[in-house]
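Subject: Structure for you to look at

Hello,

Here is the structure I said I would pass on. Please open it next to this email and follow along.

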Amino acid sequence: MSTNCTFAQITEALRTHQRFVVMSHLRPDGDATGCAVALALCLKEMGKEVAVWNHDGAMEKLRFLPGSELIQKPPAEPLDFDVAIALDTSTQPRLGDCPAAVRNAKLWINIDHHISNTGYGNLVYIDSHAPAAGQIVFELIRAAGLPLTAAIADNLWAAIATDTGSFQYSNTTARTFEICAELIAAGVNVGKISEHLFQTHPRSRLELLRALLNTMQFTCDGRVASFALTRATAAEVGAGPEDTEGLIDTLRGTEGVMVAVFFEEMEFPEGRIRVSMRSKDPRYNVCKICAQFGGGGHVLAAGARVPGDLAAVEAKVLKAISDAIQHP
Ligand code: AMP
Ligand code: MN
Ligand code: MN
């Protein structure tokens, strides 16, 4: 991987250009949404022109975030920008159709915390120890003395709270809490934002969980737990893409389970199986397992999109996990 640029280089690029597009990964989670909107709002405060693009648009459940209305799907006709910024996105293909809609950008900036980031772009800043890309964006804002409004604080909170699993994962550090203290001082209402992020779900999500638990399997002497979602079941319970977020934690939290897996049949024309993986122990590196299938992520949380039908992909992936567990 290439060496990181400095915050000063990124700040210089932000200050000296005018037209920006900020992008993040497919199916944007709280981090992908929050850090993109936060940086976009910050650039707007600086008087810049900013577009925020996501291949899948904004997720319904995150539309409460101030500024999330800026998120648009990339246009069919390419547009000109001075600077294109990719956040929380380990590889360019994970930006979906966004790169093809960017014409003539002088500079690509890549800010991320995925260990598997390929280092694409002209200015690359990867910190795999940061629990969220939003935490890096916060450090950048602070280092450069850029604006931090209440709306920006809300978005950074959403980014950090999501990717730390509500401050429960081991990636949560003292620095994370220092930052969060500053975000509260900047205007975050913890009770209100937590309710939106973690305590408000459509009934379809619960119906989905019931259907998933019916498919639950334990393999490798109970060390691997998985469930699977077919397109038919998704349609039956009326589940949308964001309803699946976080359900895998039910498996991961089960005693004895080291690796949890969620298989999901994607809509046509995608036609691939979306694989989500979580580990409880760094010896079982799910990023490495997912990389065997063209995916990536973090040591304890990773994913891949695998071609093939559901049963075949399940068999293949469970075999790879079993091999990894036997030879860690
Ligand atoms: P998810 O299971 O979708 O919540 O993703 C867990 C982690 O793995 C996130 O950090 C994702 O960005 C990453 N990830 C998920 N799917 C892929 C993929 N197909 N390729 C690379 N990274 C992925
Ligand atoms: Mn993400
Ligand atoms: Mn992230």
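This is a predicted model: local features need pLDDT of at least 70, side-chain atom pairs count only at pLDDT 80 or more; totals for chains, interfaces and linings use all residues.

Helix H4 is mostly covered, with twelve of its 14 residues buried. The helix covers residues 150–163 and reaches 20 Å from its first C-alpha to its last, close to the 20 Å expected at 1.5 Å a residue.

Six strands form an open sheet in the order S3-S2-S1-S5-S7-S8, and their pairing is parallel. S3 and strand S8 (123–126) stand at the edges with a single partner strand each, so one side of each has no neighbour in the sheet.

Strand S1 (residues 19–24) runs parallel to S2, and five bridges join the two. In this pair, Arg19 stands opposite Glu49 of S2. On the way from one strand to the other there is a helix: S1, helix H2 (residues 30–45) and S2 together make a right-handed β-α-β unit.

S2 also pairs with strand S3 (residues 71–72), in the parallel sense and over two bridges. Here Trp53 has Gln72 in S3 as its bridge partner.

Is strand S2 largely enclosed or largely open? Four of the five residues of S2 (residues 49–53) are buried, so the strand is largely enclosed by the rest of the structure. A residue is called buried when its relative accessible area is under 20%.

Elsewhere in the sheet, strand S5 (residues 83–87) pairs with strand S7 (residues 107–112) in the parallel sense, over five bridges. Ile85 stands opposite Ile109 of S7. When you look at the strands, remember that in a regular strand the side chains alternate between the two faces of the sheet.

Last, the surface. Which residues form a nonpolar patch there? They are Leu213, Met216 and Phe218, and together they have about 250 Å² of accessible area. Phe218 lies in strand S9 (residues 217–219). With a relative accessible area of 42%, Phe218 counts as partly exposed, because that class lies between the 20% limit for buried and the 50% limit for exposed.

Regards

Technical notes
Residues are numbered from 1 along each chain as its sequence is written. Chains are lettered from A and ligands numbered from 1 in the order in which they are written. Side-chain values use heavy atoms; hydrogens and water are left out. Buried means under 20% relative accessible area, exposed over 50%, partly exposed in between (1.4 Å probe, protein chains only). Two strands pair if DSSP finds at least two bridges between them. A crossover is right-handed if, with the strands pointing away from the viewer, the path from the first strand over the helix to the second runs clockwise. Patches are made of residues with over 30% relative accessible area and no salt bridge: like charges are joined within 9 Å, nonpolar side chains (Val, Leu, Ile, Met, Phe, Trp, Tyr) within 5 Å. Accessible areas come from the Shrake-Rupley method with a 1.4 Å probe; for residues, only the protein chains shown count as cover. A salt bridge is a side-chain nitrogen of Lys or Arg within 4 Å of a carboxyl oxygen of Asp or Glu. The expected span of a helix is 1.5 Å times one less than its number of residues.
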